[in-house]
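User: Could you walk me through the packing in this model, please?

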Amino acid sequence: MFGPLVSQSVRGLERRRVGTVTFEAYLRVLRRRWPAIVLILCAVLAATAAAIMLLPPAYRTSTSVWVGHDTEGQNTWDALQTDQMLVRTYAELIRSPEVSQTVAAAMGAGWTRGRVESNVAFKTIEGTHLIQITATGLDPDSAKNLADTYARVFASLSGQTAGLQQARVAVNYPAPKPGHPFKPKPKLYGGIGLFLGLVAGLGGALLIERLDHRIGTEEEAVRLLGLPVVGRIPYTKDGDAANPIQREAFRMLAANLRFQFADSRSWALGVTSPGPQEGKSTVLGRLAGALADMGTNVVAVDADLRRPSLHKSLNVKRSPGLAEYLAFDLPINQFLQPSGRNGLAVVGAGPSPPNPVMFLESKRMTSLLQDLEAIASFVLVDTPPTSVAADAAIVSSKVDSMILVVDLARTDRLQAQRCLEQLKQAGARIAGLVVNGGRRVGKTTYGEYYGEPKESRV
Ligand SMILES: Nc1ncnc2c1ncn2[C@@H]1O[C@H](COP(=O)(O)OP(=O)(O)O)[C@@H](O)[C@H]1O
Ligand SMILES: [Mg+2]
């Protein structure tokens, strides 16, 4: 009996929930894209200000002529009728070309009938004998002059109108000189500019959100992927490795991981990211250095057999490396290279094989990780991006946990979600996100300010 009622209210609830989600999505767009909104708003306001300043000002003033007739010998009713008829007649006559032609001649050089006509307007004032003449001009004097001349010329021409000899037309009062231009109106234009700027800003923000697929903010990364943030690495100019703020960021990442993996056993951690050039190898190399500086034994393994770069950043040889180890039956210590830093050894990638997936899938890769865990507390494994190949997913099934790097200015939102999906399908455990490329930092030295020793390099 209550079935339809219940299902109706559930539908209502769902609708409300969807509504809330959309509203939240809009709020999120506003929060993410506020710089674009401010920029567009400022651009529109600047254009409005320029228009207000560049538009020539226009002045407007009015005068009126009185229209009536001699009432002798007429009763009041007839007189009233005649007056009304006269006002209507003269309201038409005032627009006639003869009048504007004569006004143009009276105004002097540069005046034509067309110019006069486009600068005057007429209105009968209901219930009176008055016809109002409004004139506009580029300065107060020319507006006043045109209104007065028109009234004077019209009054004098009216005396000669055939058939209307009884009528009288008189200039009521001289037009006042306008004090302020009636155009442009800064407040009105400014209000319109503000409104249009906001609309354009919001529209622009929504459009950018649709067109821009990058993650953009840490908040968005966390919302999309639902993973904890284990590290925040700011950008440095030209990848400046000595930047103290960045060094501190890597130390915090290292400390977080040591805390998360605080056990007597060793851990193998893979590092990957959805796309290329998002900082996987940079993060891995610098993290390995930070861990080693904390007194933890680390082996960094370059399992990005497609585009290896760890050997460059850690200053070792690319070959002999992982590819050779997996291909030949040689002991691992022939491939372990010292990094020149206490506690950090490196296995380069070796030459790129045609089928990295087969190499990484091998049992020998699994046993390698076990062997390395026996000699180091952390084995860090670099991988290619998940959008390029299955390599990272394969590695993720062999290591204890994965670190997912996202570059706020590069990583594609959809690719990031697919990356997470891929790792989950491979059964990976994910330690968390390293957000690369937050606030840009230059050469300001907070570290040194707090008395950090200069020789400690991550
Ligand atoms: N936080 C950062 N600040 C400055 N440069 C960075 C940062 N992260 C990465 N880079 C630079 O970006 C480029 C790509 O980084 P890399 O670690 O090789 O990416 P991936 O291994 O994901 O392809 C490198 O030149 C690196 O120096
Ligand atoms: Mg790399």
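**Packing around the cores**

Analyst: Leaving aside residues up to four places away in sequence, valine 301 touches Leu322, Val347, Leu372, Val379, Leu380, Val381 and Asp382, where contact means C-beta atoms, placed from the backbone, within 7 Å. This is a predicted model, in which local features need pLDDT of at least 70 and side-chain atom pairs count only at pLDDT 80 or more, while totals for chains, interfaces and linings use all residues. Residues are numbered from 1 along each chain as its sequence is written, and chains are lettered from A and ligands numbered from 1 in the order in which they are written.

User: Which residues of the largest nonpolar core touch the most other members?

Analyst: Leu287, Val298, Ala300, Val301, Val379 and Leu380 do, out of 71 residues; such a core joins buried Ala, Val, Leu, Ile, Met, Phe, Trp, Tyr and Cys residues through C-beta atoms within 7 Å. Helix α9 (residues 280-293) supplies the largest share of this core, 7 residues. Another core, of 25 residues, lies apart from it and has Tyr59, Ile133, Ala143 and Ala175 among them.

User: And what covers the buried residues of α5?

Analyst: The cover includes β1 (59-69), α2 (76-93), α3, β2 (120-124), β3 (130-137) and β4 (167-173), and the buried residues of α5 include Ala143, Leu146 and Phe154. Helices (H or I, at least four residues) and strands (E, at least two) are DSSP runs, numbered from the N terminus.

User: Switching topic, why does tryptophan 111 count as partly exposed?

Analyst: Because tryptophan 111 has 18 C-beta neighbours inside 10 Å, whereas buried takes 20 or more other C-beta atoms within 10 Å and exposed 12 or fewer, with partly exposed in between.

How values were computed:
Contact = placed C-beta atoms within 7 Å.
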